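Biologist: Can you walk me through this one? I have not looked at it before.

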Amino acid sequence: MTSTVSASGLSLHYGGTRALDDVSLRLTPGVTGLLGPNGAGKTTLLRVLATAVPAQRGRFTVLGHDPGSTRGRQEVRRRLGYLPQTPGFHPDFTAFEFVDYVAILKEINNRAARHREVRRVLDEVDLGDVRGKRVKKLSGGMRQRVALAAALVGDPGFMVLDEPTVGLDPEQRMRFRELIARAGEGRTVLLSTHQTEDVAMLCHRVLVMAGGRIHFDGTPAELTARAAGRVWSSAERAPDAKAGWRTGAGTFRNVGDPPPGAELLDPTLEDGYLLTLDGHGLAVTA
Ligand SMILES: Nc1ncnc2c1ncn2[C@@H]1O[C@H](COP(=O)(O)OP(=O)(O)OP(=O)(O)O)[C@@H](O)[C@H]1O
């Protein structure tokens, strides 16, 4: 399959901090999850790919356009939908006004066509009924949907979503998950998240970052399989486990290298993720 995004050797240092360190990747249609601990470099990678900040080294293309030139950057931005970690809402804007403002920035100059597009994307995220409400009056989940609607303006071929489900309650998160899945039908979405469950349920592919580098690039099933035979149950705390906690049933669930004869449990994607981080200077002991 042809890649929507193709990046090689992306690096970006802030003083002595290597926020991005020689990152290469290819993204294809569908939702790709980006997991990593705080400070891993996820937001930096997303900001570089969204052309919000230039990399100091390396290059990338989006749908064949190279943002290295002013013209190329413009072409990339026309094809991009970006939901940043903190969408800059003007609190007095209505949902319609905010999305319309983004549509103006996206250079949809014909007023009637633009307003049609704003209504279309608000309907797509099920906010058609509240488009006249002020953003500050909406719930957190609705506000995130307004931000998603803004990112959907102009039907972009590539979408970058930075922790869009953070702070949402389970019902809102589930609803948002449906919308992300819909957004990923036929288009390329890169989703940064701390929710391993979202990745397990939504993504056809997952990247794990730590220390500015990508340490895993594969399917969710492959990430889960990394923990096969490495999750076990015990009656007592297992001192050598990399992570372990007492479950509601009173037994311990451990991740790491089990002792002989241990009662093995089915691994989850989160187990595979924790084991991937191990060995990259990150403690995973609970
Ligand atoms: N503008 C900046 N100036 C200096 N350091 C920065 C800046 N932005 C990011 N960093 C540093 O770069 C590293 C990567 O940060 P980044 O925000 O990309 O991580 P992240 O994986 O998105 O983290 P989180 O999950 O907490 O959002 C961190 O060490 C961070 O402190």
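Modeller: What follows covers the ligand surroundings and then a sheet. This is a predicted model, where local features need pLDDT of at least 70, side-chain atom pairs count only at pLDDT 80 or more, and totals for chains, interfaces and linings use all residues. Residues are numbered from 1 along each chain as its sequence is written.

Biologist: Which residues surround the ligand?

Modeller: Tyr14, Thr17, Ala19, Gly36, Asn38, Gly39, Ala40, Gly41, Lys42, Thr43 and Thr44. A residue is near a molecule if its C-beta atom, placed from the backbone, lies within 6 Å of it.

Biologist: Which element gives the most to that shell?

Modeller: α1, with three residues. Helices (H or I, at least four residues) and strands (E, at least two) are DSSP runs, numbered from the N terminus.

Biologist: OK, the sheet. What is the strand order?

Modeller: The order is β5-β6-β7-β3-β8-β9 in an open sheet of six strands, with mixed pairing. Two strands pair if DSSP finds at least two bridges between them. The edge strands, β5 (80–83) and β9 (213–218), each pair on one side only.

Biologist: How many bridges join β3 to β7, and do they run parallel or antiparallel?

Modeller: Five bridges, and the two strands run parallel. Glycine 30 is opposite threonine 188 in β7.

Biologist: Which helix packs on the sheet?

Modeller: Helix α9 (residues 269–277), which touches β3, β8 and β9. Contact means C-beta atoms, placed from the backbone, within 7 Å. The direction of α9 makes about 35° with that of β8. Axes are lines fitted to C-alpha atoms, for helices over the stretch in contact, and angles run from 0 to 180 degrees between N-to-C directions.

Definitions and conventions. Contact = placed C-beta atoms within 7 Å.
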